[in-house]
Amino acid sequence: MKKEFLLSIESSCDDSSIAITRISDYKLLFHKKISQEKQHAAYGGVVPELASRLHAVALPKILEETKEFFPFLKAVAVTNEPGLSVTLMEGVMMAKALSLSLGLPLIGVNHLKGHIYSLFIEKEAELPKTVLLVSGGHTMVIDVQSYDLIRVLATTMDDSFGESFDKVAKMMGLGYPGGPVIEELARRGDENRFAFPVPLKNSPKIAFSYSGLKNAVRRTIEEIGRLTDKDKADIAASFQKAAIEHLLHKTKKVLDIFPASSFAIVGGASANLKVREIFEKECEKRGIDISFAELKYCSDNAAMIGRCAIEAYKRKDFSDPLSLKVKPKSSFFN
Ligand code: KG4
Ligand code: ZN
């Protein structure tokens with residue numbers, strides 16, 4: 001097997017991660033991630049400047065462990081869009097320095113595209129696919145025909161799916177990130193105790209919206225006042241039920257218009273087992289196959305960035321290390 005490797009860096013939010021992937025067969029030779037969840041938990045969300053400072057310490061520490069691969073590197077890849085500008089900058093600065101000092105081509109990777117390629121870590125891509133991306137920053141149904149042809153079919157009008165879990169957790173003082181805590185609490189709760197409104201239930205709009213649901217939860221919490229453990233579990237379960245019902249309702253509408261033969265769910269919130277179970281049932285009903293990224297590759301990581309970058313490498317789709325920009329707000333639209 002050829003010793004031709006690609007180094008990838010991810011720092012778009014609160015995970016510092018670096019991977020080394022073998023170009024010929026996508027084998028992951030090194031992958032490490034340092035998460036900052038504990039440091040942000042006290043604030044109930046990611047504090048960008050704190051995240052950026054933590055990346056500045058963590059990334060060089062991880063990079064140190066990859067030195068043995070340096071003689072065999074063929075390219076350096078980095079997430080440069082979308083994400084928090086100050087944290088993206090940390091990874092991009094490191095990638096530019098490596099590219100210039102080692103004389104390697106630089107590849108800027110779209111983080112959302114990276115999540116799509118989390119489905120294909122250590123394997124060939126199987127496309128076309130309709131992909132539901134549920135993360136802290138995005139809620140999207142995406143038509144992925146190929147690496148070069150990607151179309152967003154539906155997106156959120158306000159908060160994202162994962163973000164709504166984070167905000168509800170914050171309201172109940174449960175720390176950050178909210179997704180895993182709410183999912184865990186919901187297991188013990190009564191999902192029928194609170195009839196939270198399913199967003200856009202009677203609207204023909206094919207889009208997602210989570211701010212109304214979040215505010216309904218906030219009002220309930222304020223009405224109750226002091227929450228018991230049972231109240232918290234029931235709120236978590238009732239909220240999760242409405243949040244997933246909305247996700248399913250609008251995704252079904254997309255699938256009715258754009259029938260898919262293959263469906264997948266990616267992104268940090270795709271680790272939610274209830275989401276997996278409900279969409280598995282729906283896909284079975286429709287007779288279409290469904291796949292997920294492995295649990296360890298659902299949340300942000302450099303392995304997915306590296307896997308995606310190999311596609312760019314094959315196309316010689318390189319960026320100039322002197323001019324690659326950080327694009328905090330980009331999506332697939334531009
Ligand atoms: O993909 P990701 O790691 O970062 C972004 O690109 O945003 O996703 C993180 C998001 C957070 O909002 C987190 O609360 C949510 O994914 N999440 C979950 C679960 N695990 C993580 N949301 C719902 N249920 C979960 N089990
Ligand atoms: Zn992400």
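A polar contact is a pair of N or O atoms within 3.5 Å, where within protein one atom must be able to donate a hydrogen and the other to accept it, and residues adjacent in sequence count only if both atoms are side-chain atoms. With that in hand I looked between domain 1 and domain 2 and found three residue pairs in polar contact, both residues at pLDDT 80 or more.

**Ground rules.** I am working on a predicted model, in which local features need pLDDT of at least 70 and side-chain atom pairs count only at pLDDT 80 or more, while totals for chains, interfaces and linings use all residues. Residues are numbered from 1 along each chain as its sequence is written, chains are lettered from A and ligands numbered from 1 in the order in which they are written, and side-chain values use heavy atoms, with hydrogens and water left out.

**Domains.** I looked up the domain assignment (bounds from an automatic or database domain assignment) and noted domain 1 as 5-121 + 297-314 and domain 2 as 129-292. Their centres, taken over C-alpha atoms, are 27 Å apart. I recorded 22 residues from domain 1 and 23 residues from domain 2 in the contact, contact meaning heavy atoms within 4.5 Å.

**Interface.** Buried area here is the accessible area (1.4 Å probe) that two parts lose on being put together, summed over both; for the two domains I noted about 1,700 Å², with 75% of it on carbon and sulfur atoms. On the domain 1 side, Ile116, Leu119 and Cys298 lose the most area to domain 2, together 33% of what that side buries. I searched for salt bridges (a side-chain nitrogen of Lys or Arg within 4 Å of a carboxyl oxygen of Asp or Glu) between the domains and counted zero. Helix 1 (37-41), helix 4 (111-117) and helix 10 (302-314) each give two or more residues to the domain 1 side, and helix 4 gives the largest share, five residues. These helices, like the strands below, are DSSP runs numbered from the N terminus (helices H or I, at least four residues; strands E, at least two).

**Ligand 1.** I listed 20 residues around ligand 1, of which Gly136, Asp166, Glu183, Gly268 and Asn272 come nearest; a residue counts as near if one of its heavy atoms lies within 4 Å. A polar side-chain atom of Asp166 lies 2.6 Å from an oxygen atom of the ligand. Backbone atoms also take part in this list: a polar one of Gly137 is 3.2 Å from a ligand oxygen, and a polar one of Ala269 is 3.4 Å from a ligand oxygen.

**The loop between helix 5 and helix 6.** I placed Gly175 in the loop between helix 5 (161-171) and helix 6 (178-186). Gly175 and Ala41 are 134 residues apart in sequence, yet 4.8 Å apart in space, C-alpha to C-alpha. Pro177 is found in the loop between helix 5 and helix 6, and a cis peptide bond joins Tyr176 and Pro177, with omega about -5°.

**Other backbone entries.** A cis peptide bond also joins Leu127 and Pro128, with omega about 5°, and I located Pro128 in the loop between helix 4 and strand 6 (129-134). Tyr26 has phi near 65°, a positive value in a residue other than glycine.

**Salt bridges elsewhere.** Over the whole structure my search gave 25 salt bridges. I followed up one of them, in which the side chains of Glu65 and Lys32 meet at 2.8 Å, N to O; Glu65 sits in the loop between helix 2 (48-64) and strand 4 (73-81), and Lys32 in strand 3 (residues 28-35), 33 residues apart.
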